[in-house]
Amino acid sequence: MSLAIFLQALIGGLINGATYGLIAVGLTLVFGVMRIINFAHGEFLMIAMYLGYFLWALAGVDPLVAILAATPVLMLCGIGLYGGIVRFALKVPEINQMAVTLGLSLLLQHLALMLFTGDNQLVTLPRSTAGIALGPVVVQVPQLLAGCASLVLLVVLYLVIHRTDFGLTMRAVSQSRDGASLSGISIGKVYRWSMAVGIGTLGVAGPLMVSMLYVNPHVGALFTLKAFVIVIVGGLGSFGGALLGAMIVGLAESLAGAWFSASVAASVPFLLLILVLLMRPQGLLVRRRA
Amino acid sequence: MQAFRTLRALAACVAFTSLAAGHAQAQETVKIGVLVPITGAHAADGNRLLRAHQLAADQINAAGGIKSLGGAKVELVVADTQSKPEVSRSEAERLISRSKVSSILGAWTSAATIPAMQVAERYRTPFIVTSAVTDAITEKNMKFVFRVSPKSSWAAENVIDFIELLRTRNVKIDRIALAFEDGPFGQSATTAYKARLGAKGIAIVAEESFRTGSPDLGTQAAKLKASGADLVLVVAYVDDESVLLRAMASQQYRPLILGYGGGHVHPTLLQLGELAEGTYGVVEWMPDLKKPSTEAFVQAYRAKYNDVPLSNAAQAYAATWVAAQAVNDAGTASDTVKVRDAMKAIRIADGPASLLPNDALAFNDQGQNEVGNVIAQVIDGKFVTVWPDAVAARAPVLRN
């Protein structure tokens with residue numbers, strides 16, 4: 001393999017990693033705070049992608065601008081998800097919680113199938129086929145935009161979690177729910193807003209993804225599985241872990257794809273998952289609890 | 001959703017039985033078994049096939065039914081495979097032993113077709129394979145199995161014929177690359193391509209595979225570009241193909257593209273606009289084939305369902321007419337061996353069943369209809385049949 005192809009795979013992997021990170025971070029945030037696994041995460045991504053598509057198809061809105069509309073809508077979805085479903089699911093055993101979000105995932109997929117049919121929809125912009133040459137590597141403009149925007153948002157999220165009072169209360173709840181409650185933090189409120197932020201990140205990811213990919217009712221499922229691998233590799237509930245996991249998965253996929261056949265490349269993230277579960281079951285960036 | 005599908009299937013069954021009851025008062029009907037997936041993963045495809053079967057049956061009955069049996073009406077007995085091979089087998093048995101059908105048409109995928117056709121062979125009832133393309137189906141020396149659709153490996157042969165035609169017209173094709181989806185679909189089609197290109201001594205300069213749903217195919221595009229291929233044979237679903245074409249365009253790499261089957265000749269591809277323009281695709285049938293029977297079928301289908309039929313609908317439609325004509329020629333619907341003998345002798349060069357892209361629908365010694373594929377090109381944002389000349393709507397737009 002030539003150096004040019006290696007560099008192409010490297011840059012492609014980093015960009016994929018950044019977008020995967022954006023998707024995974026919402027999942028890990030919700031888990032970190034509420035200890036609930038949201039199997040419908042990918043379906044909310046699908047909804048955000050359809051929002052991006054329809055804003056472009058019906059109103060000619062550029063997907064980058066559509067982020068401004070999709071993010072509040074997805075945050076509302078998150079609040080609705082908490083108030084309407086998760087709030088009640090928190091009181092039942094974990095296995096039932098999983099069944100609830102899994103059911104929601106299937107429901108949303110089939111609703112989308114009824115409303116939008118199974119056909120793929122594409123957003124076609126002049127920049128869809130544009131590429132920027134960085135030395136021997138050509139980066140597609142939509143991919144580059146998605147990668148950069150993901151990094152920006154991840155930085156913003158990091159600052160929110162580590163530098164604001166809201167972030168402090170979130171971290172407090174995630175460390176000790178009872179302790180936080182005793183200190184006067186309203187648990188319900190923190191849960192509601194964590195869900196809003198966790199799902200809201202998909203409002204950014206959706207329009208970016210649809211401009212480089214396509215959207216159909218099952219597109220979310222492609223990413224749900226990957227997001228789970230990422231958060232488990234990085235450590236469930238860890239922000240940095242999700243980011244690290246995303247980069248590892250993105251790079252591993254891309255580099256393995258350049259060397260081997262696609263089936264082999266697709267198995268690499270799962271091999272990593274098995275290795276991590278065997279060697280460091282708590283994830284790369286989470287310290288084992290005493 | 002499952003419950004809804006079951007309900008819908010039930011409703012369909014009730015509709016057909018009540019239809020049948022209406023005819024039964026007049027005289028014995030000619031029963032034709034239709035084995036399709038009405039529920040399960042392939043429900044959408046099965047329901048599309050059913051529409052075409054139903055359209056053919058309605059037309060046969062409107063034209064006076066089966067003439068040699070005093071105008072007996074055709075009655076479709078529909079059975080649901082539930083997209084499962086084992087159900088397909090048991091339903092085929094039920095159609096033959098309980099419903100006493102004169103022949104069976106079906107059953108969408110090769111996996112569901114093979115067990116059902118074995119049942120038909122055992123019970124000596126003709127089985128017309130409408131859409132399954134696995135080569136082996138008509139290579140097992142079955143006496144009661146017929147197929148209107150082509151063998152899958154013939155697509156590769158047709159593509160090579162087309163490449164040679166382009167070469168004679170001074171289109172530069174010296175280096176060929178393969179880009180395929182790394183699943184059963186992509187792998188089997190690519191194997192056929194490799195075997196046949198190898199036999200012709202045509203070198204393959206690159207083979208790039210990808211998983212369906214990859215968000216970035218930049219590396220694959222870069223490797224294809226580095227191979228210097230001037231024709232890329234793509235075997236992929238339309239969503240992945242659009243990602244690949246965009247990645248190639250962003251690297252200023254615009255070779256000739258020849259896609260495969262319904263994965264390429266798909267409305268989604270046209271959303272790519274200028275990028276899809278000029279690309280070719282090999283496909284079993286096109287609604288614009290230059291044949292009077294195709295025109296009539298597309299018109300009737302549109303009038304009844306307000307939709308454009310896909311290639312498998314044309315195959316299902318032709319199979320229904322063949323089943324009716326075999327009963328007519330045999331002069332009996334109950335002696336299925338005679339129906340089989342009549343089917344073997346069939347040769348339909350005009351009329352509704354002649355809409356597939358060969359001169360005449362007929363079965364060879366193996367029960368296989370010798371029908372090739374056609375090549376469609378995107379011209380002015382539409383799929384247009386450009387090859388073979390006999391049925392082409394227009395000549396290919398060449399870029400030299």
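1. The side chains of A:N120 and A:N216 are joined by a polar contact of 2.7 Å. A polar contact here is a pair of N or O atoms within 3.5 Å; within protein, one must be able to donate a hydrogen and the other to accept it, and residues adjacent in sequence count only if both atoms are side-chain atoms. This is a predicted model, in which local features need pLDDT of at least 70 and side-chain atom pairs count only at pLDDT 80 or more, while totals for chains, interfaces and linings use all residues. Residues are numbered from 1 along each chain as its sequence is written, chains are lettered from A and ligands numbered from 1 in the order in which they are written, and side-chain values use heavy atoms, with hydrogens and water left out.

2. Staying with A:N120, you will find this residue in the loop between α4 (94–116) and β1 (131–134) of chain A. Helices (H or I, at least four residues) and strands (E, at least two) are DSSP runs, numbered from the N terminus. Contact means heavy atoms within 4.5 Å.

3. Now to the interface itself. Here 31 residues of chain B are in contact with 34 residues of chain A. The two chains bury about 2,700 Å² between them, 54% of it on carbon and sulfur atoms; buried area is the accessible area (1.4 Å probe) that two parts lose on being put together, summed over both. In chain B, the residues that lose the most area to chain A are B:P215, B:R246 and B:Q271, together 26% of what that side buries.

4. What about polar pairs across the interface? The rule finds 13 residue pairs in polar contact between chain B and chain A, both residues at pLDDT 80 or more. The count of salt bridges between the chains is zero, a salt bridge being a side-chain nitrogen of Lys or Arg within 4 Å of a carboxyl oxygen of Asp or Glu.

5. On the side of chain B that touches chain A, β7 (204–210), α7 (218–227) and α8 (238–250) each supply at least two residues. The most comes from α8(B), with nine residues. By type, the residues of this side are 10 nonpolar, 14 polar and seven charged (nonpolar: Ala, Val, Leu, Ile, Met, Phe, Trp, Tyr, Cys and Pro; charged: Asp, Glu, Lys and Arg; polar: the others, Gly among them).

6. Some backbone geometry in chain B may be worth a look. The peptide bond between B:G106 and B:A107 is cis, with omega about -10°, and B:A107 lies in the loop between β3 (104–106) and α4 (110–122). Another cis peptide bond runs from B:W387 to B:P388, with omega near -5°; B:P388 sits in the segment after β14 (382–387).

7. B:Q252 is not a glycine, yet has a positive phi of about 55°. B:Q252 lies in the loop between α8 and β9 (256–260) of chain B and is exposed, at 66% relative accessible area. B:D380 also has a positive phi, near 50°, and is exposed at 65% relative accessibility.

Terms used: Buried means under 20% relative accessible area, exposed over 50%, partly exposed in between (1.4 Å probe, protein chains only).
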